[in-house]
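Keep the structure open beside you as you read.

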Amino acid sequence: CRARRKGDCHGNGYTLQQFTPPFAHADGSLARGHLGNLGQGPPAFVDWDRDGDIDVIVCATDESGVSRVRYYLNDNGTFNAVAEKHNPFVDISVANVSSLFLVVADWDQDGDYDVVTVGPGPQADWADSWTLRLFEQDSAGRLAHVTGSEDPFINVWLYDIGWSTVLGIQLVDYDGDGDLDLFVSHLRSQELKYYEHTSDGRVLMRTDVSISGWGMLSPVVMDLDGDHDLDLLFWDEADASLRFFQGTQSGMWDIVMTSSALETAFSKIVDDWSTTMVLPPQGLGAVDVDQDGTPEVFVHDGSHLVFYSMVRIVSYEEIAFTDIEPKNGGAVVVVDWDGDGTKEIILGGDMSGTLGYYSWLDGAGYNLAVSAQDPFTNLQVEGGYAMPSFADWDGDNDLDLIVGSGLGKVYFFQRVGTTIAQALTNPFESIQVDGHASPTAADVDGDGDLDLLVGSFKSGLYKDSFSATNCYQAYYRSRNVPSECYRTKVYLRHDTTGLLVYSESATLSLGGLSGTSGKRVTVADVDGNGLAEVYATGMPSRVSSSSTYESERVRMQRWVYRRGSQGLDLFDLIDYSDEALYALQYSAMQQTPEIVDWDNDADMDVFWVAEVSRTRWKIVFWQGGHCSKPSGCGEKGVCESPGGTCKCLNSHAGVDCTLCAIGHYSRLRNVPRACLQCAGDGQCSSRGTCWDDNAASADSSLTATQRLLAMGSGSCTCTEEAFGGVDDLGRTSCATGSCPAGTAEVTGSTGISRCQQCPRGRFSLAGQECEECPVGTTLRQATGGQCLECKPGYVVTEKGQAACQPCPVGKVPN
């Protein structure tokens with residue numbers, strides 16, 4: 001992106017590079033010292049002695065077969081093994097077993113490091129005695145084994161794990177309550193089990209967080225992608241691969257991100273291991289060794305230790321606009337028509353000759369505009385298949401509409417206020433192409449005025465060396481369509497006269513390439529060099545007529561204008577196979593994509609119309625460059641600014657759109673989360689409050705983990721006992737019932753209705769508004785819905801009078 005050259009573009013993709021920390025040699029051994037047999041599990045990299053540099057603590061097996069904890073002190077980059085008498089971990093050992101796992105963290109939050117181990121206990125039968133042990137550090141730096149009722153792990157039952165089948169442990173504040181929680185990876189049960197650190201100092205297993213289905217070696221639970229959520233990385237023993245699950249604000253890991261940018265980046269580690277290290281790895285971990293705020297990933301095979309740093313790169317993340325369905329595989333054009341800073345989506349290609357106008361509604365995404373807001377509601381192009389392009393053609397500082405038709409003609413509509421009107425004079429009257437015309441207006445030759453490129457797809461016959469065949473039939477039968485069916489005509493605007501001049505040489509060099517879709521081209525300055533680039537797509541080709549749409553892949557090509565010899569206008573095909581944009585591909589694409597800075601972050605995004613079947617199409621959106629959310633905002637939102645903030649769609653909320661908005665609830669803790677509307681049209685019929693996810697998570701009786709994972713029911717608590725009703729899903733909706741006599745339903749400032757007592761002098765029947773009491777009667781107090789006559793000697797002379805008044809002296813009531 002352009003901002004990349006300014007140094008402030010981070011990108012939304014990742015790659016991994018081998019990283020040599022200042023204390024390690026390139027071969028993986030530590031500088032001027034060697035760890036020996038690292039054993040199983042990752043080393044701990046912590047500043048144990050609090051001197052400002054990183055020390056190393058490892059589990060290793062000595063010559064006698066005893067698994068011990070070794071401590072290597074960092075002395076200006078030299079790691080020296082601490083002698084046994086000075087080793088604070090000397091009492092942590094297990095005989096005749098190599099599988100001792102260790103993690104170092106401040107468990108008791110007293111400012112110094114403690115140690116938690118998993119390994120065989122003191123019993124002879126190892127299979128039944130695996131245990132978690134906590135060693136707390138005292139003020140003198142000594143480690144003491146916490147036992148009995150003080151042991152926080154006393155209720156962690158590892159009986160069914162068996163010998164040598166614990167694959168790793170992690171201590172991390174998963175639920176955000178300020179203390180450390182516990183993760184234990186089990187091989188036999190194929191689970192990563194989670195234990196919440198509760199207020200009484202113990203740990204309690206929570207099955208709603210555990211993940212099963214993989215043999216998770218050395219799980220790493222850490223914010224690896226810099227979005228402030230905990231991610232999960234582990235080695236999968238089952239298929240010998242690295243797996244990465246991205247964390248979300250909802251507390252769940254996105255277990256469907258099998259092709260995420262980070263998981264793709266981590267595949268580099270697997271490739272390196274397969275050639276330089278022994279598989280499977282013995283340990284996997286992450287630590288910010290260079291203190292730059294981003295953790296480095298490290299692996300070891302028992303003797304070699306390799307670090308990898310994560311580097312942001314520009315890539316494109318796919319987001320589907322599922323609420324918009326193009327017709328007839330037409331074009332998508334993205335432009336800020338109404339000038340509000342948010343771009344609208346306009347769809348062309350409908351056989352009716354009309355345009356679809358979609359405007360952005362905050363919190364709801366793109367919605368088809370109603371006729372009163374649709375500037376193109378009265379547009380209908382003769383010949384159908386309206387293909388739009390927007391530009392200030394007449395130079396009056398607003399956007400005009402240039403639209404092609406199925407008859408090969410191009411029409412001009414000028415903007416009038418917020419709508420359009422067909423111009424009295426059409427500057428494109430002389431243009432006629434074969435088949436459907438698809439115009440694109442842009443300054444392609446760099447002379448400061450607009451030019452016109454008109455693509456076409458010939459719907460009639462073409463002749464090959466054997467027979468005459470219909471172009472459409474050729475496309476749908478084999479997808480091998482000759483270039484005669486496609487042509488992009490180039491019309492350059494003359495500087496002095498303002499007239500369009502057809503350029504045969506430019507047309508041939510641009511649109512005559514075999515297999516290039518001439519239906520529509522896109523013009524954009526993607527590389528930011530100030531020169532317009534013309535983009536078109538190659539048509540997919542089937543190997544056989546039975547090939548599926550998913551097997552058909554297309555790629556973009558680009559051209560740049562050049563003034564050739566003898567004044568010829570030419571376009572040169574430019575190779576850009578090393579760029580992220582060129583790597584985009586999609587099956588059965590119908591049109592050249594729209595390339596535009598949709599989110600105003602100084603880099604280009606891509607919209608594509610793709611074929612789902614021969615009668616259905618969809619819009620696919622790739623967001624590029626600046627966004628800091630590799631997940632595409634939980635697949636329920638889009639990044640909208642250089643800051644990478646998410647704009648959530650379809651009733652979702654949160655910084656990554658993985659939470660449900662107020663008035664919505666979720667039934668399953670999955671990602672992307674399906675957020676359902678509360679009963680009573682999502683608002684409890686404006687007569688109550690919904691037990692949504694937001695309300696459920698605010699329950700103070702829950703633990704921190706329970707609040708993080710809380711889900712509502714979608715049922716309503718009505719403001720009045722008189723309100724009720726149950727919908728088809730069994731949820732209280734507050735839709736039925738009415739206020740009792742003497743009261744009326746009143747909507748407050750919050751939009752919620754209650755039954756309010758009628759004021760004195762007014763009455764109501766059940767379910768009706770308060771009315772004034774007739775002359776001679778009043779409602780003296782809240783006695784019901786009836787107005788009572790005044791007692792003798794008293795009178796009410798006006799309707800709605802609040803109280804009976806005494807008759808004046810010398811007068812009696814009529």
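Which cysteine does a disulfide join to C678? The partner is C690, with an S to S distance of 2.0 Å. Keep in mind that this is a predicted model. A disulfide is a covalent bond between the sulfur atoms of two cysteines.

The torsion about the S-S bond of C678 and C690 is about -80°, so this disulfide is left-handed. C678 sits in the loop between β52 and β53, while C690 belongs to strand β53 itself, twelve residues apart. C678 counts as buried at 2% relative accessibility, and C690 is also buried, at 14%.

| Disulfide | S to S distance |
|---|---|
| C660 and C675 | 2.1 Å |
| C678 and C690 | 2.0 Å |
| C718 and C734 | 2.1 Å |

C660 lies in strand β50 and C675 in strand β52, so their link ties together parts 15 residues apart in sequence. C718 in strand β54 and C734 in strand β56 are 16 residues apart, so their bond ties together those parts of the chain. C734 is buried, with 0% relative accessibility.

What about C807? C807 is in no disulfide, and the nearest cysteine sulfur, that of C790, is 8.6 Å away. C807 is buried as well, at 18% relative accessible area, because the cut-off for buried is under 20%.

Now for the sheet. Four strands form an open sheet in the order β28-β29-β30-β31, with antiparallel pairing. Its edge strands, β28 and β31, each pair on one side only. Between β28 and β29 there are five bridges, and P388 has V403 in β29 as its bridge partner.

Methods. Residues are numbered from 1 along each chain as its sequence is written. This is a predicted model: local features need pLDDT of at least 70, side-chain atom pairs count only at pLDDT 80 or more; totals for chains, interfaces and linings use all residues. Side-chain values use heavy atoms; hydrogens and water are left out. Two strands pair if DSSP finds at least two bridges between them. Helices (H or I, at least four residues) and strands (E, at least two) are DSSP runs, numbered from the N terminus. A disulfide is a pair of cysteine sulfur atoms within 2.5 Å. Buried means under 20% relative accessible area, exposed over 50%, partly exposed in between (1.4 Å probe, protein chains only).
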